[in-house]
Amino acid sequence: MAYLRRAAAALLATASALLTASPTASAAPSPVLARESFDRLPLGPVAQGRDWTSDTSDGTLTVTRASTGHGRELRIRTEGNGRAFLVFPHLAPPGNSFWARMRLRVDAFPTAPDWAHWTLAEASGRDSPTLVRPLGGQYVPTEKRNFYGVGSDLGPTGDWTAWKTSAPATAGKWSCVEFHLDARDNRVTVYFDGVPQPDLTVSTDQHGGTSGPFVFPAFEQLKLGWQLYQADPSPSSYEVRLDDIALSTRRIGGCAA
């Protein structure tokens, strides 16, 4: 009888533990913040997706069949100095840090006016006017070429784009682009096709703006797309393709050749 009483008590304790324990208590939260491959969206003009909305002025977003022949992709088109972005409006990454990855093709970059400035990615938050641009660039007339650069605007360090001649922007070619925003030292790092681009790295005290620290806002929103800031550019219109977008608290990968 004593053996039976001990067995019954053990069974009761096990059942109690199973009832009180949360079924997800040991499950780690997913590192993925958002994904978009465009494959589940209908062909044609689009203004929003599962985790995103849009911001356009003299620009359009259109889901098209992929130029590779598999799946679908997003075609972004702007006129003049218009803009067209897909916007992830509820970002709130843990620790105010996150990774982004996307496949990108820009059909043509500006060749006029001199120093024409363009943005492909912009992160922001309501607690600060600072706009962080982890991917953008500029037409450099002395080199007669466009170069990628990390930049910022409206914050205490001013309006700047730290372009580098070691990062030429090549039109008409697909690239797999990654960037990491690390709030520990307000660091932006960029990778092309899985290869780090250390010349494009900026941080709190190493950046392209005025003297003083470069500090991230509390990120709430990320825009991906195209904006050109100068009027009457050449060419007069721009087309960008995006695909395989992912945002995560960890490096997503998938860009290595």
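Is C255 buried or exposed? C255 counts as buried, at 6% relative accessibility; buried means under 20% relative accessible area, exposed over 50%, and partly exposed in between, with a 1.4 Å probe and protein chains only.

## Basis of the model

The model is predicted, so local features need a pLDDT of at least 70, side-chain atom pairs count only at pLDDT 80 or more, and totals for chains, interfaces and linings use all residues. Residues are numbered from 1 along each chain as its sequence is written, and side-chain values use heavy atoms, with hydrogens and water left out.

The pLDDT is the predictor's confidence in each residue, from 0 to 100. Its mean for the protein is 91, and 89% of the residues reach 70 or more. Over residues 1-5 the pLDDT is below 50, and this stretch has zero contacts in the model beyond near neighbours in sequence; contact means heavy atoms within 4.5 Å. Residues 7-26 likewise have pLDDT under 50, with zero contacts beyond four places in sequence.

## Overall composition

The protein contains one helix and 14 strands. Helices (H or I, at least four residues) and strands (E, at least two) are DSSP runs, numbered from the N terminus. Of the 257 residues, 46% count as buried. Among the contacts with a separation of 6 or more, 67% are between residues 24 or more positions apart.

Strand β10 covers residues 175-182, and eight of its eight residues are buried, so the strand is largely enclosed by the rest of the structure. In a regular strand the side chains alternate between the two faces of the sheet. In β10, S175, V177, F179 and L181 point one way, while C176, E178, H180 and D182 point the other way.

Two strands pair if DSSP finds at least two bridges between them. Strand β5 (residues 98-106) pairs with β10 in the antiparallel sense over seven bridges, and R101 has E178 as its bridge partner in β10. Strand β11 (residues 187-192) also runs antiparallel to β10, joined to it by six bridges; here H180 stands opposite T189. The strands β10 and β11 form a hairpin with four residues between them, and N186 in the turn has a positive phi of about 50 degrees.

## The disulfide

A search of the whole structure finds one disulfide, defined as a pair of cysteine sulfur atoms within 2.5 Å. It is formed by C176 and C255, whose sulfur atoms are 1.8 Å apart. The link of C176 and C255 is left-handed, with -60 degrees about the S-S bond. The pair connects distant parts of the chain, 79 residues apart: C176 lies in strand β10, and C255 in the segment after β14 (237-248). C176 is buried, with a relative accessible area of 8%.

## Residues of strand β14

L242 has its place in strand β14 and counts as buried at 1% relative accessibility. The C-alpha atoms of L242 and R103 are separated by 5.6 Å, although the two residues are 139 residues apart along the chain. Leaving aside neighbours within four places in sequence, the contacts of L242 include F38, M102, R103, L104 and W174.

E239 is also found in strand β14, and E239 is buried with a relative accessible area of 15%. Beyond four places in sequence, the residues in contact with E239 include R75, R77, R105 and D107.

## Backbone details

Most residues other than glycine have a negative phi, and most peptide bonds are trans. The peptide bond from A112 to P113 is cis, with omega near 0 degrees; P113 lies in the loop between β5 and β6 (117-125). The bond from S234 to P235 is cis as well, with omega near -5 degrees, and P235 belongs to the loop between β13 (221-228) and β14.

D58 has a positive phi, near 55 degrees. D58 is located in strand β3 (residues 53-65) and is exposed, with a relative accessible area of 56%. A92 has a positive phi of about 45 degrees although it is not a glycine; A92 is found in the loop between β4 (72-88) and β5 and counts as exposed at 56% relative accessibility.
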